[in-house]
Amino acid sequence: MNYDVKDKGLAEQGKRRIEWANQSMPVLNQIRQRFEKEKPLAGMRVAACLHITTETASLLQTLAAGGAQVFACASNPLSTQDDTAASLVVNDSIPCFAIKGEDTKTYYSHINAVLDAAPHFTLDDGADLVSTLHSERREMLAGVKGGTEETTTGVIRLRSMTADGVLKYPIIAVNDAKTKHFFDNRYGTGQSTVDGIIRATNRLLAGASFVVCGYGWCGKGLAMRARGMGAHVIVTEIDPTAALEAVMDGFSVMSIAKAAQIGDFFCTVTGNINVIRKEHFAAMKDGAIVSNSGHFNVELDIPGLESLAKKSREIRPFVMEYTLADGRRINLLGEGRLINLAAAEGHPSSVMDMSFANQALCLEYMVKKGSDLAVNVYPVPPQIDADIALMKLAAMGILIDELTDEQMKYLASWDIGT
Ligand code: ADE
């Protein structure tokens, strides 16, 4: 079996951590038990370009239980958990190509390695696999039946591919399921980003000014949790409605140019490029701590920061201290890679449970549909979304009410007023 992981000796530690994650993934476990019996993915080769974490390992085991032959690579150079990657190879016989800290060349060679498997389906997080397939590996496209996309950034890229007429197979936008972005993007990013910043710095958030760039689902979660830690939260936005929402949620809203002068902590979660630029770094206070929790590190103008610095050093793991000409120090966390996965362990298992239940059920749906789906970016079928919410509630021991016949009739009527 072909694979590329840091150290197979880490496999036992990885196995224990995967088991721990699995204990908080009841919905995925229920799906896995059904997949073991029904084998809905039998004969399918699946290429998964995802963050190689313990939660992802649980998903990949579930797909393998469903009969798929699974091949895995990292969806970010700095998000891999090396012990998990080792365990996938040693304990699950899943070819895995992922090493934490790999350079860009290795990152793409790993993507190409899973594409060598001639997949029938792709699971992507950020669309690097899909984009490589549609540019450098076009000869593999004919065999691909469908795919899924995990994250906002990837869905945006896929929509651009559709608009340009280049997308060649149907893809389901898992990110857009309610049971995904309401929970993973908000509560997952909120907790794991604060976790990553604290693990990297061990600094106190209480009383600090914490600048959140972007008030989408991830920004909302992060702002809420940073406030919970006692920080004064400042939000920056380009969208007037989102900015207004942040104001009415009780946050200070201002331009990044102004926030740059005030912030102690900065974190970008916009999905856009060069959100914090050279001129903003130049205006920051001594000791400012800058990170990104969006999919790509392009949200920060790192070359701009480097050009301002007269020297830099890694002052502690995941903290690069840049000293400017006047002696001010700016600290960049985790090379600007998503800090929740670079310095911590990503979203907790209980939210990934729903995200990955969507992945597993959408893959099953696509296998069943066969060639019936035209090339497009599709939403998650609403029934799958609703079923996952119900399964999650049931696993939490929570029962909810059902509409009475009278209520159903009322909702369908137009003639009953005051
Ligand atoms: N994205 C964010 N957190 C994650 C996790 N724990 N596993 C996989 N992908 C993630």
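**Entry 1: Gly370 and helix α15**

I began at Gly370, which follows directly after α15 and takes a positive phi of about 55 degrees. I note that the model is predicted.

I then turned to α15 itself, which covers residues 349-369 and has 21 residues. From its first C-alpha to its last, α15 reaches 29 Å, close to the 30 Å expected at 1.5 Å a residue. I looked up the burial of the helix: 16 of the 21 residues of α15 are buried, so it is largely enclosed by the rest of the structure.

**Entry 2: the ligand**

I listed the residues that surround the ligand: His51, Thr53, Glu55, Thr56, Leu341, Glu345, Gly346, His347, Met352 and Phe356. By type, I recorded 3 nonpolar, 5 polar and 2 charged residues in this shell. Both α3 (54-65) and α15 supply at least two residues each to the shell.

Which polar side-chain atoms lie by a nitrogen atom of the ligand? I found one from Thr53 at 2.7 Å and one from Glu55 at 2.9 Å. His347 contributes a polar backbone atom, 2.8 Å from a nitrogen atom of the ligand. I also noted that the protein covers 94% of the 260 Å² of accessible area that the ligand has on its own.

**Entry 3: His181**

I located His181 in helix α8, residues 178-201. Is His181 buried or exposed? Its relative accessibility is 12%, under the 20% limit, so His181 counts as buried. A polar atom of the His181 side chain lies 2.9 Å from the backbone oxygen of Ala177. Leaving aside residues up to four places away in sequence, I recorded that His181 touches Asn175, Asp176, Arg186 and Trp217.

Notes:
Residues are numbered from 1 along each chain as its sequence is written. This is a predicted model: local features need pLDDT of at least 70, side-chain atom pairs count only at pLDDT 80 or more; totals for chains, interfaces and linings use all residues. Side-chain values use heavy atoms; hydrogens and water are left out. Helices (H or I, at least four residues) and strands (E, at least two) are DSSP runs, numbered from the N terminus. The expected span of a helix is 1.5 Å times one less than its number of residues. Buried means under 20% relative accessible area, exposed over 50%, partly exposed in between (1.4 Å probe, protein chains only). A polar contact is a pair of N or O atoms within 3.5 Å; within protein, one must be able to donate a hydrogen and the other to accept it, and residues adjacent in sequence count only if both atoms are side-chain atoms. Contact means heavy atoms within 4.5 Å. A residue is near a molecule or strand if one of its heavy atoms lies within 4 Å of it. Accessible areas come from the Shrake-Rupley method with a 1.4 Å probe; for residues, only the protein chains shown count as cover. Ala, Val, Leu, Ile, Met, Phe, Trp, Tyr, Cys and Pro count as nonpolar, Asp, Glu, Lys and Arg as charged, and the others, Gly among them, as polar.
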